[in-house]
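Let's go through a structure and ask where its labels come from. Have a look first, then we'll get into the questions.

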Amino acid sequence: MKKILISNVEIVTDGPAYKKKYIGITGNTISYIGIKKPKGYEDAYQIDGTGKLAAAGMVNAHTHIAMCLLRSYADDMALMDWLQNKVWPAEAGLQKGDCYVGTQLGILEMLKSGTTAYADMYFFMDETAQASQEAGIRACLSRGLMGDKYDKADERLKENVQLYKDWNGKDDGLITVMLGPHAPYTCGKEYLKLLVDTAGELGCQLHMHLAETEQEVKDCVKNFGATPIKYADSLGILDRGCLIAHGVWVTDEEMEIMAAKKARVAHNPQSNLKLASGIAPVEKMLAKGITVGLGTDGATSNNNLDMLEEARLTAMLHKAVTYDPLCIPAATAWDMATYQGAKCLGYDKLGKLEKGWLADIVLYDMNKPHWYPRNNRLSLLVYAANAGDADTAIINGKVVMEKGEVKSLDAEKIYYEADRVAKRLTGK
Ligand SMILES: CSC[C@H]1O[C@@H](n2cnc3c(O)ncnc32)[C@H](O)[C@@H]1O
Ligand SMILES: [Zn+2]
């Protein structure tokens, strides 16, 4: 089995004490962490960790990765205006091959900023799966679904089912698949019932936008007689296992339901702020034991895929909202960006640097002014680091980026292709 040995590396801790360590990787698993040089790694691929900080790779728990193609195309708008008048018309022009390029651009951005896994919901997901496999990034993919009827022949659903059959568990579990009902306002009740039934037959979970805006809640109550969370629950969506994107407008009672049904939430603070959707009651969710990961949402509403920004914003925003400086400390924000994100995607032993856990590891280059002095490395990572500090990325025991170079991606070619596709989509 292939082995990697990282030497002389610092490991993220919430305090001043540290010792330079060795991290051994065997196959896709962390097989050693310690201060003594381990035996049995003489022939391993060697990485010098001097001046580097090792941390678990971040997990982007909700995005639409190929929306990178529409970055800086539609800003300063509210969600429905943005979707109906700018985004959906542009997406209607998506052609075969576009999402492959858009995904490559997004993967490049995520790897270069320390993200090693993501959950996605979009179109042409076969292309997203292909690009993810080639880059070696961990991905949990859903075909975005919108529809009305209980119709097993629905083309979009057929695509999502095929995606599941073709890709779920592929590449040593690197790629997994969920069904992706878009939202209560784009999926009819009968259609949602069909998706729950289909997910049950496949044995997979659902990834859905829920309770993002106040207007969504009002419309849902008007049309279906219940708030989005209660409505989704009444249809069996939460029992099936659900990754909820947003969960901004949820009541205490709904959070109790979410906790009881083990729903996981992807909190997207930057997108929620930019679209003026509101601020999710994250501190309450965490207090109730709900798993809350962090996401960027698409780069059309963010406008980047930088998870360090989301972790920092999460650690700051909720302090201001609650007037409590102790709310969501750096350690909690980091846990959300890594371990809780991994749980959102359905993983058990992912998101921490521990022996026996999956080897998704990022080394950050600390040889920069904003990494001095080093009173607390975790504080530095959450409050001071920036995207360009990610130097090396290992996913499932494979080195996918070294010295800032993503091994399997040709950046210049991707920029050129992405520009070409974006011009066609936006007419700019
Ligand atoms: C059907 S594929 C996914 C679909 O979702 C759109 N989208 C992007 N961001 C958001 C958001 O914050 N809320 C709701 N829908 C969003 C995307 O443009 C695709 O059409
Ligand atoms: Zn979204």
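Q: How do the residues of the shell around ligand 1 divide into nonpolar, polar and charged?
A: This is a predicted model, by the way. The shell splits into 8 nonpolar, 7 polar and 3 charged residues. It holds 18 residues, with V87, G144, H182, H209 and G298 the closest.

Q: Which element supplies the largest share of the shell around ligand 1?
A: That's α1, with 4 residues. Both α1 (79-91) and β7 (115-122) supply at least two residues each.

Q: Why is α13 called oblique to α14?
A: Their axes cross at roughly 140 degrees and come within 9 Å. Roughly antiparallel needs an angle over 145, and roughly perpendicular runs from 65 to 115, so the pair falls into the rest, oblique. That makes α13 oblique to α14. The crossing is right-handed.

Q: Which residues make the contact of α13 and α14?
A: On α13 they are M307, E310, A311, T314 and A315, and on α14 they are A330, A333, W334, M336 and A337. By class, that's 8 nonpolar, 1 polar and 1 charged.

Q: What does the UniProt annotation say about residues 55-400?
A: The unreviewed entry annotates them as "domain: Amidohydrolase-related". In the model, this span is 44% helix and 18% strand, and its end C-alpha atoms lie 15 Å apart.

Conventions: Residues numbered from 1 in each chain as written. Chains lettered and ligands numbered in written order. Predicted model: local features only at pLDDT ≥ 70, side-chain atom pairs only at ≥ 80, totals over all residues. Axes fitted to C-alpha atoms, helices over the stretch in contact; angles between N-to-C directions. Parallel < 35°, antiparallel > 145°, perpendicular 65-115°, else oblique. Left-handed = near helix turned anticlockwise from the far one by under 90°. Contact = placed C-beta atoms within 7 Å. Nonpolar A, V, L, I, M, F, W, Y, C, P; charged D, E, K, R; others polar. Near = placed C-beta within 6 Å. UniProt positions renumbered as here; feature names shortened; annotations may be inferred.
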